[in-house]
Amino acid sequence: MNIAVDFITVGPFHENTFIIWEKESHSAFLIDPGDEPDRVISKIKTLDLDPVAIINTHAHLDHVGAVSKIKDEFSIPFYLHKN
């Protein structure tokens with residue numbers, strides 16, 4: 001498996017949104033999309049990725065601000081630890 005990692009620094013808190021994908025299939029996971037959903041969506045499309053899920057490390061505002069729009073754009077699930 002050949003994995004690639006990229007990130008985008010977004011929002012007023014300068015939070016890092018990580019994009020992790022498998023190079024052959026282009027299947028991608030998004031980690032902590034905190035803000036600027038249109039910019040994150042544009043990056044995903046530019047890289048020609050197929051997002052499969054959003055995973056958040058925690059639920060602070062600067063880590064979840066873009067989740068809803070990205071989730072709806074790609075019809076993908078969102079995962080967050082129950083605690």
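Arg39 is partly exposed, with a relative accessible area of 40%, on a scale in which buried means under 20%, exposed means over 50% and partly exposed lies in between (1.4 Å probe, protein chains only). The model is predicted, so that local features need a pLDDT of at least 70 and side-chain atom pairs count only at pLDDT 80 or more, whereas totals for chains, interfaces and linings use all residues. Residues are numbered from 1 along each chain as its sequence is written, and side-chain values use heavy atoms, with hydrogens and water left out.

The side chain of Arg39 meets that of Glu36 in a salt bridge with an N to O separation of 3.2 Å, a salt bridge being a side-chain nitrogen of Lys or Arg within 4 Å of a carboxyl oxygen of Asp or Glu. Glu36 is likewise partly exposed, at 30% relative accessibility. The structure holds 4 salt bridges, and among them is the pair formed by Lys69 and Asp38, whose closest N and O atoms are 2.6 Å apart. This pair links distant parts of the chain, as Lys69 lies in helix α3 and Asp38 in helix α1, 31 residues apart; helices (H or I, at least four residues) and strands (E, at least two) are DSSP runs numbered from the N terminus. Lys69 has a relative accessible area of 40% and is partly exposed, as is Asp38 with 49%. A further salt bridge joins Asp6 to Lys43, with 3.1 Å between the closest N and O atoms. Here too distant parts of the chain are linked, with Asp6 in strand β1 and Lys43 in helix α1, 37 residues apart, and Lys43 counts as partly exposed at 27% relative accessibility.

In soluble globular proteins, nonpolar side chains tend to be buried together. The largest nonpolar core of the model has 16 residues, and those with the most contacts inside it are Ile19 and Ile70; such a core is a set of buried Ala, Val, Leu, Ile, Met, Phe, Trp, Tyr and Cys residues joined through side-chain atoms within 4.5 Å. At least two residues of this core are supplied by each of β1 (3–10), β2 (15–22), β3 (27–31), α1 (37–46) and α3 (67–74). When residues up to four places away in sequence are not counted, Ile70 touches Leu30, Pro33, Pro37, Val40, Ile41, Ile54 and Ile76, contact meaning heavy atoms within 4.5 Å.

The structure also holds 1 aromatic pair. Phe7 and Phe18 form this tilted pair, at 5.8 Å centre to centre and with 45° between the planes; rings of Phe, Tyr and Trp (its six-membered ring) pair if their centres lie within 6.5 Å, and planes under 30 degrees apart count as stacked, over 60 as edge-to-face and the rest as tilted. Phe7 in strand β1 and Phe18 in strand β2 are 11 residues apart, and their pair links distant parts of the chain. Phe7 is partly exposed, with a relative accessible area of 46%, and Phe18 counts as partly exposed at 32%.

Strand β2 also contains Glu15, which is buried yet has no salt bridge, the nearest side chain of opposite charge, that of Arg39, being 9.2 Å away (Lys and Arg count as positive and Asp and Glu as negative, while His and the chain ends are not counted). The side chain of Glu15 does, however, reach the backbone nitrogen of Gly34 at 3.2 Å. Thr17, also placed in strand β2, counts as buried at 0% relative accessibility, and its side chain reaches the backbone oxygen of Asp32 at 3.2 Å. Asp32 itself lies in the loop between β3 and α1 and is buried, with a relative accessible area of 5%. Although Asp32 is not a glycine, it has a positive phi of about 55°. A positive phi, near 70°, is also found in His26, a residue other than glycine, which lies in the loop between β2 and β3 and is partly exposed with a relative accessible area of 26%.

Tyr79 is found in strand β5 (residues 78–80) and is partly exposed, with a relative accessible area of 48%. Tyr79 and Ile54 are 25 residues apart in sequence and 6.1 Å apart in space, C-alpha to C-alpha. Leaving aside neighbours within four places in sequence, Tyr79 is in contact with Ala53, Ile54, Ile55 and Asn56.

Technical notes. A polar contact is a pair of N or O atoms within 3.5 Å; within protein, one must be able to donate a hydrogen and the other to accept it, and residues adjacent in sequence count only if both atoms are side-chain atoms.
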